[in-house]
2 protein chains.
Amino acid sequence: MTATATRATHASTQAADHADQAGLVPLKPAPFNAESSVAALEPDVTPTPSFYVRSNFAVPSLDAAAFRLGIGGAVRQALELTLDELRALGSQTITTVMECAGNNRLQLAPLPSGEPWHVGAISAGTWTGTPLRAVLDRAGVQDGVVEILFEGADHGKPKDGPGDIPFARSLPLDKALAEGTLLAYEMNGEPLPRDHGAPLRLVVPSWYGMASVKWLNRIHAITEPFTGYYQRNRYIYELSDGSQAQPVTTMRVKSIIISPDEGGTVPPGPLTVRGKAWSGHGEIVRVEVAVDGGDDWREARLLPQTSATSWRAWELDWTADAAGRRALRSRATDSAGNVQPDDPRWNKYGYGNNAVRPITFNVSA
Amino acid sequence: MTATATRATHASTQAADHADQAGLVPLKPAPFNAESSVAALEPDVTPTPSFYVRSNFAVPSLDAAAFRLGIGGAVRQALELTLDELRALGSQTITTVMECAGNNRLQLAPLPSGEPWHVGAISAGTWTGTPLRAVLDRAGVQDGVVEILFEGADHGKPKDGPGDIPFARSLPLDKALAEGTLLAYEMNGEPLPRDHGAPLRLVVPSWYGMASVKWLNRIHAITEPFTGYYQRNRYIYELSDGSQAQPVTTMRVKSIIISPDEGGTVPPGPLTVRGKAWSGHGEIVRVEVAVDGGDDWREARLLPQTSATSWRAWELDWTADAAGRRALRSRATDSAGNVQPDDPRWNKYGYGNNAVRPITFNVSA
């Protein structure tokens with residue numbers, strides 16, 4: 001099946017378009033990559049202009065009116081669906097937290113190659129779209145299908161890659177059919193913006209962001225596991241011990257301190273430490289906070305979970321006592337019993353780092 | 001022997017005295033603790049107002065005219081020496097680099113308790129004083145002496161300490177007698193400032209700063225190793241594996257990137273990366289720099305060594321090419337073959353961290 005979407009791309013997006021967008025910290029101008037500022041992570045749903053942007057190649061400019069999603073491979077009925085035809089298959093709205101697999105790469109030693117993400121390649125969005133299952137049911141997945149492959153309209157040659165390739169990733173069939181896996185055409189109540197995959201992107205709750213293929217162009221039902229570059233050469237946990245590299249999939253349990261500001265100054269006295277915590281492996285059941293170094297962990301208060309697939313806000317009441325530079329750490333535990341580790345788990349490409357990370361701030365005298 | 005120095009102390013030094021001092025980043029107002037800003041580390045000798053300050057207790061206010069250094073213990077002739085009498089024993093001027101043993105504690109995981117030093121608890125000073133050997137020769141060290149004990153006029157009760165104790169540390173006899181070990185009354189050509197130990201401090205080249213006892217009050221020649229709090233309970237490498245804790249002594253090989261500024265922005269084009277490197281175990285023989293993550297280490301140019309006991313400046317010419325956030329790391333090797341490790345070597349109190357540490361900065365488009 002040939003994709004019919006217009007694959008016009010331009011060499012670079014203009015960083016200037018984004019430079020004055022509050023809450024976005026640029027990482028690379030071309031293609032535009034940026035992380036959310038920590039302050040922008042305060043709301044339950046990250047405003048679109050502050051939502052982190054990860055693009056591997058020049059950002060496609062696709063004509064929504066001419067757009068057709070191709071569905072092919074081992075299906076009973078190959079399809080080419082317009083956005084209106086997709087909408088007609090039913091819609092669902094979900095709020096999910098999405099984290100770039102390379103978030104907090106800077107904490108790993110030795111520093112892996114790859115974008116030097118600090119802490120903000122994480123955001124939560126509300127997505128509206130067609131459940132992927134509805135589309136696959138319509139096409140009719142054949143017996144023997146093991147994975148569903150998703151191909152974006154973005155393409156290029158990775159530095160060590162095999163040539164000009166599209167961004168492409170697969171999901172196991174059960175994850176593709178799972179409740180919540182969505183073909184999204186709206187983000188936070190508006191049509192999907194171009195940097196976030198317009199006109200259509202996959203949204204895969206609980207998985208790292210690389211699974212949520214942007215500028216989604218083609219879907220293939222396949223009977224052998226996909227072995228493309230972004231499935232077997234990148235987005236893998238490759239260790240230096242010669243063990244078989246494991247694929248990057250589900251988001252590891254993690255937390256972030258949002259307030260007080262890292263490096264900022266607060267007056268002495270009562271203070272509420274606030275943050276978020278998330279896991280792809282289950283709900284957050286505990287967040288602990290340590291003030292200063294050492295082992296004095298205190299239990300934070302968990303705020304109500306607003307979406308099963310999003311993050312959970314937490315708070316700790318603390319009295320800023322001794323003046324000077326102070327340190328804070330947070331440590332989340334999920335319902336599967338996973339706890340954030342103290343030490344970052346190094347891997348060659350720097351994915352999935354969920355280690356506890358201290359921030360410092362100042363208490364004024 | 002009773003110390004005759006005036007031991008008047010005040011409860012806290014005024015942070016306001018220091019707040020506008022260029023190049024000093026306050027860590028704690030009382031007692032005043034501060035690290036040097038990275039930019040202040042550019043000169044070969046750190047200007048006094050930018051020299052890092054580490055004080056354990058309230059800063060003593062000693063009257064230089066009334067000051068007497070007591071020398072006692074296993075010596076043939078106990079002494080009480082005025083500053084003029086010390087000067088009459090001969091003077092020496094040396095430039096040394098001095099690093100707080102807790103510098104870069106923030107990089108250790110889990111975060112140890114102790115002051116949360118970032119990267120700037122390091123400075124180089126030019127010290128003028130009396131060679132310690134001249135004083136010990138005058139007193140006559142008896143046979144059987146194994147260490148020389150140094151006691152400051154500063155005192156207090158450490159949180160887990162045995163009560164009100166002075167800051168006190170010992171040196172092995174050979175280090176005490178070594179060329180360069182100095183009783184300093186001048187820093188950078190001026191009388192020693194109060195925060196740096198006025199009127200007299202010990203300066204121990206090649207060792208971490210805790211050895212260079214400030215407000216030096218008494219010296220004791222001792223025939224058994226000293227077992228005081230700051231010798232056996234702190235300033236030790238205590239691991240969690242139950243092994244015997246080792247004392248913190250010699251500075252480990254290390255380097256710092258001074259330019260470009262961490263977090264700053266540089267224009268595209270030619271750029272000289274600059275920094276310093278030092279080791280207590282020998283001279284610096286190599287500094288390598290890696291641009292971005294991965295393994296592409298490039299050899300930096302070593303500038304002439306200006307003092308055998310100080311740090312060594314290095315440079316790397318580089319062309320800032322791709323715009324965006326970039327990472328830089330430096331890695332020093334000393335003449336004893338020591339190389340900075342990738343991973344911080346954790347210990348309970350967070351001393352001696354000399355791991356490679358990435359900085360990031362931005363190349364403008």
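This is a predicted model: local features need pLDDT of at least 70, side-chain atom pairs count only at pLDDT 80 or more; totals for chains, interfaces and linings use all residues.
In which loop of chain A does A:N104 have its place? A:N104 sits in the loop between β5 and β6 of chain A. Most residues other than glycine have a negative phi, and most peptide bonds are trans. A:N104 counts as buried because it has 24 C-beta neighbours inside 10 Å, and the cut-off for buried is 20 or more.

B:D292 lies in the loop between β18 (284-291) and β19 (297-299) of chain B. With 19 C-beta neighbours inside 10 Å, B:D292 counts as partly exposed.

Next, the cis peptide bonds. One joins A:A30 and A:P31, with omega about -5 degrees. A:P31 is in the loop between β1 and β2 (32-36) of chain A. Another joins B:A198 and B:P199, where omega is about 5 degrees. B:P199 belongs to the loop between β10 (190-191) and β11 (201-203) of chain B.

Now step back to chain A as a whole. Chain A holds five helices and 23 strands. Its radius of gyration is 21 Å, close to the 21 Å that the globule rule gives for 365 residues, so chain A is as compact as a globular protein of that length. Along the principal axes, its C-alpha atoms fill a box of roughly 70 × 45 × 40 Å. Of the 365 residues in chain A, 50% are buried. Take the contacts between residues at least 6 apart in the sequence of chain A: 70% of them join residues at least 24 apart.

Chain A divides into domain 1 (16-247) and domain 2 (254-363). The centres of these two domains of chain A are 27 Å apart, taken over C-alpha atoms. Where they meet, 32 residues of domain 1 of chain A contact 24 residues of domain 2 of chain A. On the domain 1 side, β5 (92-99), β6 (122-131) and β13 (236-237) of chain A each supply at least two residues. β5(A) gives the most to that side, with four residues. By class, the domain 1 side has 18 nonpolar, nine polar and five charged residues.

The two chains also meet. Here 28 residues of chain A contact 28 residues of chain B. β1 (24-29) and β22 (324-334) of chain A each supply at least two residues of the chain A side. β22(A) gives the most, with four residues. The chain A side divides into 15 nonpolar, seven polar and six charged residues.

Finally, look inside. In soluble globular proteins, nonpolar side chains tend to be buried together. The largest nonpolar core in this model has 183 residues, and A:L183 and B:L183 have the most contacts inside it. Leaving aside neighbours within four places in sequence, B:L183 contacts residues including B:L132 and B:V135.

Just after α3(B), B:G140 takes a positive phi of about 80 degrees.

How values were computed: Residues are numbered from 1 along each chain as its sequence is written. Chains are lettered from A and ligands numbered from 1 in the order in which they are written. Two residues are in contact if their C-beta atoms, placed from the backbone, lie within 7 Å. Ala, Val, Leu, Ile, Met, Phe, Trp, Tyr, Cys and Pro count as nonpolar, Asp, Glu, Lys and Arg as charged, and the others, Gly among them, as polar. The radius of gyration is taken over C-alpha atoms; the globule rule is 2.2 Å times the number of residues to the power 0.38. A residue is buried if 20 or more other C-beta atoms lie within 10 Å of its own, exposed if 12 or fewer, and partly exposed in between; C-beta atoms are placed from the backbone. Domain bounds come from an automatic or database domain assignment. A nonpolar core is a set of buried Ala, Val, Leu, Ile, Met, Phe, Trp, Tyr and Cys residues joined through C-beta atoms within 7 Å.
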